[in-house]
Amino acid sequence: MGKKNVVSIEDRIPMLKQERKKKANRRLIFYLSIFFFLISIIVYLQSPLSHVKTIEVSGNSFAKDQEVIQQSKISNDTNIWMIDESKVVQAISENPVVKSVEVNRQLPWTIKIRLKEYDQVGYIKRENSFFPILGNGKVLTEMKQKLANGNAPLILGFSDEAYLDKMTAELKKLPESILNLISEIHWKPSDDNKNKILLYMNDGYMVDGTIRNFADKMDVYPSIVAQLKPESKGIIHIGVGAYFESFNTETKETSNEEEIQNETEG
């Protein structure tokens, strides 16, 4: 039989003690690390290190940055982890120009507020000044202008707020390509039709229509104009059916919406 190395118990005891000591030290270091990590978190949460230092507002054209920040009720003394994002969204959404809000944290100390505002659909004239008006009917009285910029139609004669709201609600449904063609919208109520309106277009035509279902009826406008001779100018009627009435003659070029749609598709 070959010889075997034999280690006496006396020799093994110091080795076992040393191994147990190493394990105990590693365990102690692990627990101390967790302890100091938790202490660090508590200190961080209780110190200015966890306070908001930057608030970034984006997507706003009408609402001012400082106005949005004040409505959010977030300040440099606010703990970034104590912010209830849903409450911030609700508070900012009370601003009449704001359509939707998104609030996000960006560590270590930044809050990002992204807005989506109602689109401007026109200008309204009051006394000798012009004010932007949004698709929800909100008139931005704080944005007084001497002249309308021409980037949205001028809305005139709407002395009744209810009909103005109905008009702006229809305008916000329009494609931008058609909205940009409108120069002026005049309210022309009659005893028979309180919704009657008259439009002046940037391409030289006039449109006789009604507020009711205006956006749907204006869809045929480009197809009607496409069928007219460039030198022909007149009034396009988009009430019941659709037809063109020339300024130069008393004759009317008539066509209903179904025919216009078929020719366009063809």
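The accessible surface of the protein, calculated by the Shrake-Rupley method with a 1.4 Å probe, comes to about 17,400 Å², of which 52% belongs to carbon and sulfur atoms. The model is a predicted one, in which local features need pLDDT of at least 70 and side-chain atom pairs count only at pLDDT 80 or more, whereas totals for chains, interfaces and linings use all residues. Residues are numbered from 1 along each chain as its sequence is written, and side-chain values rest on heavy atoms, with hydrogens and water left out.

The protein has eight helices and twelve strands, these being DSSP runs (helices H or I, at least four residues; strands E, at least two) numbered from the N terminus. Of its 266 residues, 36% count as buried, a term that stands for under 20% relative accessible area with a 1.4 Å probe, protein chains only. Among the contacts (heavy atoms within 4.5 Å) with a separation of 6 or more, 46% are made by residues 24 or more positions apart.

An open sheet is formed by three strands in the order E1-E3-E2, with mixed pairing, where two strands pair if DSSP finds at least two bridges between them. E1 and E2 stand at the edges with a single partner strand each, so one side of each is left without a neighbour in the sheet. E1 and E3 run parallel and are joined by five bridges, and Ser58 stands opposite Arg114 in E3. Helix H2 packs on this sheet, touching E1 and E3, and its direction makes about 120 degrees with that of E1; such angles run from 0 to 180 degrees between the N-to-C directions of axes, which are lines fitted to C-alpha atoms, for helices over the stretch in contact. Helix H3 lies across E2 and E3 and runs at about 150 degrees to E2.

Within H2 (residues 65–72), the residues Val68, Ile69 and Ser72 are buried. Seen down the axis of H2, its buried residues fall within an arc of 100 degrees, taken from the directions from the helix axis to the C-beta atoms, so they line one face of the helix. These buried residues pack against strand E1 (54–58), helix H3 (85–93) and strand E3 (110–117). Ser72, at 5% relative accessibility, touches Val88, Ile92 and Ile113, not counting residues up to four places away in sequence. Just after H2, Lys73 takes a positive phi of about 65 degrees.

Val97 lies in the loop between H3 and strand E2 (98–106) and, at 4% relative accessibility, counts as buried.

Notes: Buried means under 20% relative accessible area, exposed over 50%, partly exposed in between (1.4 Å probe, protein chains only).
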